[in-house]
Structure formats: structure tokens, C-alpha cells
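Good morning, colleagues. Please take a moment with the sequence and the structure before I turn to side-chain contacts.

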Amino acid sequence: MTIRRFLGITLLATVAGCSQSDKPVNLGVTSDPSGVEAATQKQTQVAVIQGSCPQVYLQDGTAVLQRYARGAKDDPQNLAYQVTLADTTRQCTINSSQLTITVMVQGRVVVGPAGASGTVNVPIRVSVLDGTNTLYSQLVQYPVAIPADGSAGQFVFKQDNIAVPGGSGGFTKVYVGFEDGPAKKRK
């Protein structure tokens, strides 16, 4: 019985080793110069393990944006719409000098009693901080569609090509939140 198991394992190991192929393109060898360039780019930009990729945090007090009808404030009957940011994720690549981050945030929009369907631009700020040093900060006017049937709508905000120094410290964090300011008009 033991001999059969040993022979079975040996056979599986042999078959697994034989099924590998070392194609020239996998080794970085090709007659196509653009293939060599693509292989070089893949080697210089490496995906980063999520533990080394700065975490994304929703900025305290800025994950909910409420807009009211003209002249009204904090009156639920005059709420035009409410937008909320929820789940976040990120992806990073690194080369010899910089870390490039892509941030994605799930959001939801709900029309209020004083609202109507259409598209609104919501001000979303993405900031990257290393301790108290600001490495990146950008405000984006992101279009969000309010459904015509009065139901809640969902969206995914994506900000990519966020470049920060590759040797940023271990305290680097990405913050996302709504920027407080005047409402943008509907289209």
C-alpha cells in the first residue's frame, strides 16, 4: 500500500514537472522589440502586496453629503438628495521611484422629498498623507445620476494614477470624503 502511494505521488510530480513550458516570451526573449519593451515595463512596475498598499479611510464627518432645496437647511422636508460613501478598496503598483495607487469607493444616492431625477456633481476629495505630510490631494467633481423612479442609485468612484514617492513611510494613509462647499447645479 505504501509503495503504491509513493509511486502515485512520484508519477504526479513527474507529470506536473513535464507540463511546464518555458516559452521564449515567458523568459523575456522575443523577436518582437515591443514584446521586450512590454516585458521590461512589467518588471519595472510590480504589483504591491495589499499590506504594503496604503489603506483607504473615509474622512471623519465627510462620508455623507446632504443637499437641500433653495434657502432650506437641515429640514428633512426640503432635502433634495443625500449621497453616502461606503465601502473602499485600493490597488498599488511600484517602480524604482514611486508608488501608484488606484482608489475605488462605493457610493449611494437617495432622492429627498424636494428632489428630482437628474445628474448632480458631488465634490469628492482624495488625499494621501504620510503622518502630517500631504503627498497628494485632489478634488474631483464626480457626476452621480439620481434615478427617475425615486429609488436609490449606486455608483463607484474611481481615482487612479495617484503617484506618491516609493519610499513613503509606514504611516501613509489615503483619505476620501466629500468636500464641503456649495451645491453644483443639475444638468
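**Aromatic pairs and the disulfide**

Across the whole structure, a search finds three aromatic pairs. Please bear in mind that this is a predicted model.

Let me begin with tyrosine 57 and tyrosine 175, whose rings form a tilted pair, 5.9 Å centre to centre with 35° between the planes. This pair links distant parts of the chain, since tyrosine 57 belongs to strand E2 and tyrosine 175 to strand E9 (residues 172–178), 118 residues apart. Tyrosine 57 is partly exposed, at a relative accessible area of 31%; tyrosine 175 is also partly exposed, at 23%.

Why is the pair of tyrosine 142 and phenylalanine 157 edge-to-face? The ring centres are 5.2 Å apart and the planes stand at 85°, and an angle over 60 degrees counts as edge-to-face. Tyrosine 142 lies in strand E7 (residues 133–146) and phenylalanine 157 in strand E8 (residues 153–165), so this pair ties together parts 15 residues apart in sequence. Phenylalanine 157 is buried, with a relative accessible area of 0%. Ring pairs also join Tyr142, Phe155 and Phe157 into a cluster.

Returning to tyrosine 57, the charged end of lysine 173 sits over its ring, 5.2 Å from the centre.

I come now to the disulfide. The structure holds one, joining cysteine 53 to cysteine 92 with an S to S distance of 1.8 Å. The link is right-handed, with 65° about the S-S bond. It connects distant parts of the chain, 39 residues apart: cysteine 53 is in the loop between strand E1 (46–47) and strand E2 (56–58), and cysteine 92 is in strand E4 (residues 79–94). Both cysteine 53 and cysteine 92 are buried.

Notes:
Residues are numbered from 1 along each chain as its sequence is written. This is a predicted model: local features need pLDDT of at least 70, side-chain atom pairs count only at pLDDT 80 or more; totals for chains, interfaces and linings use all residues. Side-chain values use heavy atoms; hydrogens and water are left out. A disulfide is a pair of cysteine sulfur atoms within 2.5 Å. Helices (H or I, at least four residues) and strands (E, at least two) are DSSP runs, numbered from the N terminus. Buried means under 20% relative accessible area, exposed over 50%, partly exposed in between (1.4 Å probe, protein chains only). Rings of Phe, Tyr and Trp (its six-membered ring) pair if their centres lie within 6.5 Å; planes under 30 degrees apart count as stacked, over 60 as edge-to-face and the rest as tilted. A charge sits over a ring if NZ of Lys or CZ of Arg is within 6 Å of the ring centre and within 35 degrees of the ring normal.
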